[in-house]
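User: I have a model open and want to learn how to read it. Can you take me through some features, one at a time?

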Amino acid sequence: MEKGTLKQILLLTDGCSNHGEDPVAIAALAKEQGIVVNVIGVVDDNHLGEQGTKEVDAIAMAGGGVSQIVYAKQLSQTVQMVTRQAMTQTLHGVVNKELQQIFGKESEMESLSPEKRGQVMEVVDELGETVSLQVLILVDTSASMKNKLPMVQDALTDLSISLTSRMGDNQFSVYSFPGKRKDVDKQLDWTPHIHSLTNIFNKLSLGGITPTGPALRFAIEQFGRRGSRRRLLSNDEEQRAEESGL
C-alpha cells in the first residue's frame, strides 16, 4: 500500500460477469498491488440469484474488501457504509502487520490488552480521517441496471458529500462497463468531488455483455497511470525551477 493512501475499487453490479477474464482472479491481483476491491450487488424486486451472490462475495473476498447485497432504494447508505468499513478493515490489516513486526508473528490487535487495544483503535480511527483516499467506482451498465442508475448517481453524490468532513484528501473517478466500443468507458476522471456526475448516467446506452474481469483489470491500471502522471508533473515542475535558477 502506498504510504498514506488507501486505494479502493468500488464495483456496483446486479449480475454475473459473462465475458473475459475471471473477475475473482483480477480482484486478487488488485489486492497484491495494494488496491482493495469492494462489491455491492444491486437488486430491485428480483433477487440477484445464487450465482450472482457467490460472485459478489468471491470478488470482494479475493480483493480484500467488503461485499453487500442491497436493494436499490437503500444503495446510498450502503455505498457510504461499505467505503468506510473497507477503510477501517484495511487500516486494521496495516496495524496488525506493524504489531507483528514489533512483537512477533503471533501478535495481532485481538491479542492486546483491552487498554492497549483501545489505544490502537483510536489510532485507526484517526488514520481513517486523515489518510488520503482514492476510490475508483466501476458501474455495471448492462440492460438490467437501467432503472437503478438514477439511484447509483444519487448514492455516489451522497458518498462524496459524506466524506468531505474528512481531513484527508479524497479522490474519486467513475467508469462504466460495458463501454460503447470497448469494455470500459470513462465517465469522470480523478476529482475530489462527484457533483459533476449530474445527468451523466441518464445519457448512457445500456446493454451488452458484462465484462467484469476486464473492467477490474482496467481499473487497476488507472491507479498506476495516475501515479505516473503525478510523477511526470512533479518532474516538469522541478525542471522549470532549475531553468529559472530557483
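Analyst: Start with strand pairing. Two strands pair if DSSP finds at least two bridges between them. Keep in mind that this is a predicted model.

User: Which residue in β2 is the bridge partner of Lys-7?

Analyst: Lys-7 has Ile-35 as its bridge partner in β2. Now widen the view to the two strands. β1 covers residues 5-13 and β2 covers residues 35-43. They pair in the parallel sense, over seven bridges.

User: What holds paired strands together in general?

Analyst: Strands of a sheet pair through backbone hydrogen bonds, and the sense is either parallel or antiparallel. Here, six strands form an open sheet with mixed pairing. Read the order as β3-β2-β1-β4-β5-β6.

User: Which strands stand at the edges?

Analyst: β3 (67-71) and β6 (185-191) do. Each has a single partner strand, so one side of each lacks a neighbour in the sheet. Neighbouring strands are turned by 15° against each other on average, ignoring direction.

User: Which strands does helix α5 lie across?

Analyst: α5 (residues 149-162) lies across β1, β4 (132-140) and β5 (170-177). The helix runs at about 180° to β4. At 1.5 Å a residue, the 14 residues of α5 should span 20 Å, and the end C-alpha atoms are 20 Å apart, which agrees.

User: Which residues of α5 are buried?

Analyst: Among them are Leu-149, Val-152, Leu-156 and Leu-159.

User: How many aromatic pairs does a search of the whole structure find?

Analyst: Two. To classify a pair, check the ring planes: over 60 degrees apart counts as edge-to-face. Take Tyr-175 and Phe-218. Their ring centres are 5.4 Å apart and the planes meet at 65°, so this pair is edge-to-face. Tyr-175 lies in strand β5 and Phe-218 in helix α6 (residues 212-243), so the pair ties together parts 43 residues apart in sequence.

User: What are the relative accessible areas of the two partners?

Analyst: Tyr-175 is buried, at 4%. Phe-218 is partly exposed, at 24%.

Terms used:
Residues are numbered from 1 along each chain as its sequence is written. This is a predicted model: local features need pLDDT of at least 70, side-chain atom pairs count only at pLDDT 80 or more; totals for chains, interfaces and linings use all residues. Side-chain values use heavy atoms; hydrogens and water are left out. Helices (H or I, at least four residues) and strands (E, at least two) are DSSP runs, numbered from the N terminus. Axes are lines fitted to C-alpha atoms, for helices over the stretch in contact, and angles run from 0 to 180 degrees between N-to-C directions. Contact means heavy atoms within 4.5 Å. Rings of Phe, Tyr and Trp (its six-membered ring) pair if their centres lie within 6.5 Å; planes under 30 degrees apart count as stacked, over 60 as edge-to-face and the rest as tilted. Buried means under 20% relative accessible area, exposed over 50%, partly exposed in between (1.4 Å probe, protein chains only). The expected span of a helix is 1.5 Å times one less than its number of residues.
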